[in-house]
Amino acid sequence: MLARVKRVVGVIASVPVLVSALLTGVPQAEAAGLEAGFDVGSAGGRGLIWGPCAAPGSSAGALGSVLSGIGLSRPAEPSQPAVECATVRVPLDYAEPEGQQIKLAVNRIRGSVSRDANHLGVLLVNPGGPGASGLRLAEYVASALPADVAARYDVIGFDPRGVGASTPSMTCVDAERYYAPPRLDSVPRSPADETALLARAQQYAQACGDHWGWFLPYLTTENAVRDMDAIRQALGEDKISYLGYSYGTYLGSVYATMFPAHVRRLVLDSVVDPGDVWYDANINQDYAFDRRHRDFLAWVAKNDAIYRLGTSSQDVSFAWYAMRDRLGRRPAGDVVGPSELDDTYTVGGYTDNVWPTLAAAFSAYVRNGDTAPLVQAYRDIADNGPGAENGYAVYLGIQCHDAPWPRDWDRWRRDTTRVAAHAPFMAWPNAVYNAPCAFWPEHALTPPHVGSADLPPVLLIQSRHDAATPYPGALDVRGLFPTARLVTEPGGNHGVSLGGNACVDRYLADYLRDALAAPRRLAARGPDAVCPGLPEPRPAARMAYGSGDRHLALTRALLGR
């Protein structure tokens, strides 16, 4: 479910959810079909061939459209730095390094400090998913870091195997037909409904197996981590620093376990618990997303003078689920049914900065019968285009293969019914989203061991009420890495650093300057430092986003926008 935000808003997978694979730029040589870059299998240390990036892609229905469309304010971002692009050729199968090769798209924003003692090498970044493009995030990080820190690093982004501008780029079905609204309700009301949902999941898994049977055996977290080390080799670096968000923290944890000698700095923001991958992680997310949705409903009730949906959480919750039921009978504008509503409002679990827009659309529909704001919110927030389908295919390709999932649907039904009795918001939508794993053509692997004491200080960053990567996972990862220090803030946004919290950003910058500047590790389980949270979003009677909001800018970057 991490990658669900990829489909929903174009975030978060991440874990699990969810962010799209459209790019800021791809190598022009690659776009022209020419050979460019570095061959890890045979080049042995030869440098990458950097060149201009191709023109950016475009997509409707992503979070970028939320911010630039329908007359809404767009959050201010730091000025964009110059970007170079290249490709790295890596083995499809690392057991056969001279065999078939695939290509990874990478980009670079060079630091301004010359390569001397003041330069700290490369900072590799990943936004999560699985299935998210990292090219946009590299640009954002380079521009959002303090100038003196950005000057000392070359910031490197990449599209993991199967994603975006990397070759091949995986897609299993026609996105326009697959996501055509209104879709089946993810909450089955009858055995026939459940049968139809399962048939859809099974067809998707079969389509992936039919088209990508040669690729799926090698689509794993461990191979993505080997690809990261191949990028390190291609860059000619003995060590790398790394900043990963969401599923990107799992990549970082596994990288630090497999290649501890190659780690200079390691920052994991919104931390995946490696002990729960992936079936149990999704169940944990069901409860966490439901809590975060109730936070949203309570905020709406607190601002009843504007939204007029009730003065208690119970009143607003009744209105929300009544709206969902009504949309099942008559979709708004023949577009937004219950599943589209779920897609749209799941965004509120990733960032509370969309709460005013979601609340305004909710209020307009319930109080006035006005469907237009709800349809507009869906079209702007829910990204169901080709980039989203690419992200979903890679998400399933990795999560269904990385670890065992139940093959008996009765187990899924029992667990989901049990969870839904207490946490209904995400239980069935999340189960249906991951249901292809019950039919996946590849047999599941055993998750890799995670943890190492042979590392420099490690910085973990986490919000206490994060829905996509719940807080206990950060505590568990802190225990797996004895040199780790955990910085928390009391909010619930997914992705914290470089998202507007000045206290958190100071910890990040100080650590990137000097790893020994990480907060002192306390004897207790954690956290080791606590920052104040950001203020609650301000209510607005119409669909609007706050001008200059840094967390929206970060979210766009995590989603490849």
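Predicted model: local features only at pLDDT ≥ 70, side-chain atom pairs only at ≥ 80, totals over all residues.
**View 1. Helices α14 and α15 pack against each other.** Here we zoom in on α14 (residues 355–368) and α15 (residues 372–381), whose axes lie 8 Å apart at an angle of about 150°. Because angles over 145 degrees count as roughly antiparallel, α14 is described as roughly antiparallel to α15. From α14, Leu358, Ala361, Ala364 and Tyr365 take part in the contact, and from α15 they meet Pro373, Leu374, Ala377 and Ile381. Sorted by class, this contact has 8 nonpolar residues, with no polar and no charged ones.

**View 2. Trp214 and Phe215 form a tilted aromatic pair.** Trp214 is partly exposed, at 37% relative accessibility, whereas Phe215 is buried, with a relative accessible area of 0%.

**View 3. Trp299 and Trp355 pair across two helices.** Their ring centres lie 5.8 Å apart with planes at 55°, so this pair is tilted. Trp299 belongs to helix α10 (residues 279–302) and Trp355 to helix α14, so the pair ties together parts 56 residues apart in sequence. Both Trp299 and Trp355 are buried. Look around them for a cluster linked by ring pairs, which includes Phe296, Tyr307, Trp320, Tyr321, Tyr345 and Phe425 as well as the two tryptophans.

**View 4. Two arginines sit over tyrosine rings.** Arg200 lies over the face of Tyr178, 3.8 Å from the ring centre. Arg464 places its charged end over the ring of Tyr471, at 4.1 Å from the centre.

Definitions and conventions. Residues numbered from 1 in each chain as written. Heavy atoms only, no water. Axes fitted to C-alpha atoms, helices over the stretch in contact; angles between N-to-C directions. Helix = DSSP H or I, 4+ residues; strand = E, 2+ residues; numbered from the N terminus. Parallel < 35°, antiparallel > 145°, perpendicular 65-115°, else oblique. Contact = heavy atoms within 4.5 Å. Nonpolar A, V, L, I, M, F, W, Y, C, P; charged D, E, K, R; others polar. Phe/Tyr/Trp six-rings, centres within 6.5 Å; stacked < 30°, edge-to-face > 60°. Buried < 20%, exposed > 50% of the residue type's maximum accessible area, 1.4 Å probe, protein only. Lys NZ or Arg CZ within 6 Å of the ring centre and 35° of its normal.
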